[in-house]
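Please look through the structure shown below with its chains side by side.

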Amino acid sequence: MELLKRKEAWNITYTHALGETASWFYVQLRDHAKIYGKRDAKTGRVLVPPRSFSDQSLQPTTDWVEVGPGGRIETFSIVYEEFQNLPPPPYAFGYVLLDGADTAIGGFFKGVDLTDPKAASEKLKIGTRINTKFAEKRVGDVLDFWFEPEAG
Amino acid sequence: MPYVVKPGVIGVAIMPRIEGDGRSLEELLYDATQAVLKDAGITIEDVDGIVVASNDQYDGRAISIMAASGSVGGVDRDILSTPSAGEHAFVLGALRVACGQYRTQLVVSWSPTEASSIPEAQRLAADPYFHRRLPMDEQASHALQASALMAQVPGLDAAAQAVLRKNRANGGRAYPDLVQAPAQSGKPTRWPLPADSMAPPVTGVVAILLAGEDFVREQGRTDTAWIAGMGWTTEPAFLGDRDLGEAPALREAARQAYAEAGIDSPLDSVQVAEISDATPFQELMAYEALGLAPRGEWAALSEDNRFGANGSLPVNLSGGVTCLNPVFCTGLIRIAEVANQVRGRAGRHQKAGVKRGLAQASSGMAMQYQTVIVFDREEKGAAA
């Protein structure tokens, strides 16, 4: 028998409130090209990206701490699949422990030729020192910054 | 944890790969429910409550419990949903029996492939504050985890390939009509994961019937897999807060389950295990966290074959997730497979003489959720 299918595409737009902590973080990023974390007063850990509370101590975080722009790669992947709302692949992305931070922040890696993933992975080896670069025109978004290996 | 009533598995229906468009999702859930009732030899009238688990993004249906209300017998019956993981539905169902307020529980989980892109659907799991703008689906999170592990363990690639070969051989024996040879494209999509190290998403459904000791006795059943121990834990959602080369949540879940089951040495205590191997690297991590093989022994595994089909502790006789990957319900399938091994009803891949089995289910980004279940063939010794 003839089997039918029904194709549906939903296009719902969400407007997420970022809250005071993420808002302040992105305003500093957008207006001053700086990255900040927030300190968990109980443990002393500097959480990057910042959170208004620590999920370990469940206490509100207190003072802001500027971190980076240097840091080291904690982990990385090179993704060859295309995703919506992102630049064309391949993407190199991962997590970087910025100087002065106790948790790593996710972001893109640039300045590395991704044609040969094996060669690229040598340049993105875990532990590699990186510098944070900032877009000239910033909008207050994760895509406003990226990481490049110090050694080029 | 002291249970008022001992819970056990009395019925299992595993549909790990469903092809074709002859049945709608609701009809597939109906099929699985009918199959598990038949396996348990009871009717829907014997079911006191239901716990279902699915993913709204995969289903394309908000509050996906709605798809199950009629199809699994939820109308006019107690039905709850755990959208976090299929294995969490099992834990909740088992606890509802163990507390003595329900004689039986039906647990059902499913994972369709009707979304245009499972990876895009998974991106909705990332927070919209710091991670939504990254190419972060579950496969990418597994790749980040593999990267971290590779930096910590020399020669990891060879050990992972050995795990993959083992599971693919097992899967070919267990489900020869369902397991397909991996595509030989040779191009990785999530470096450093090798191109063929993950199975493509398929549609699947799994159903389990749980019952308490009194019900089992009344029914005169002799093929129950008794729950001897359970443990479940969660890691931080922000991957940057974790050391991705370690699995502390799994260590803790195993500690809980082993303590309940009275297990000091899992290698000497269980005869079969199923492990969530979304990638072979995750199976290796689970060996360590479950106390089966520390990382220093991984290189030797391909030689001694201790976890092979004829080894001292066969792991993933079903072939695991790297053979059949109905994404959302792979964790509950691991539990169902071990329950069947203990019941002596695993079919082609049944190991003879299984008295105690170990199931480890992980799900989410880089194994965020961890669940460990120990099953016993004999009621005596099970958690009580």
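Chain A and chain B bury about 3100 Å² between them, and 63% of this area lies on carbon and sulfur atoms; buried area here is the accessible area (1.4 Å probe) that two parts lose on being put together, summed over both. Phe83(A), Phe93(A) and Tyr95(A) supply 19% of the area that chain A buries against chain B, more than any other three residues. Counting as contact any heavy atoms within 4.5 Å, the contact takes 40 residues from chain A and 33 residues from chain B.

This is a predicted model, in which local features need pLDDT of at least 70 and side-chain atom pairs count only at pLDDT 80 or more, while totals for chains, interfaces and linings use all residues. Residues are numbered from 1 along each chain as its sequence is written, chains are lettered from A and ligands numbered from 1 in the order in which they are written, and side-chain values use heavy atoms, with hydrogens and water left out.

Side chains of opposite charge can pair when their charged atoms come close. Two of the pairs are set out here.

| Salt bridge | N to O distance |
|---|---|
| Arg190(B) and Glu81(A) | 3.2 Å |
| Asp48(B) and Arg103(B) | 3.6 Å |

Helices (H or I, at least four residues) and strands (E, at least two) are DSSP runs, numbered from the N terminus.

Helix α4(B) also packs against helix α13 (residues 330-343) of chain B, at an angle of about 50° and with their axes 6 Å apart; axes are lines fitted to C-alpha atoms, for helices over the stretch in contact, and angles run from 0 to 180 degrees between N-to-C directions. α4(B) is therefore oblique to α13(B), since angles under 35 degrees count as roughly parallel, over 145 as roughly antiparallel, 65 to 115 as roughly perpendicular and the rest as oblique. In this contact, Gly86(B), Glu87(B) and Phe90(B) of α4(B) meet Gly331(B), Leu332(B) and Ile335(B) of α13(B).

Terms used:
A salt bridge is a side-chain nitrogen of Lys or Arg within 4 Å of a carboxyl oxygen of Asp or Glu.
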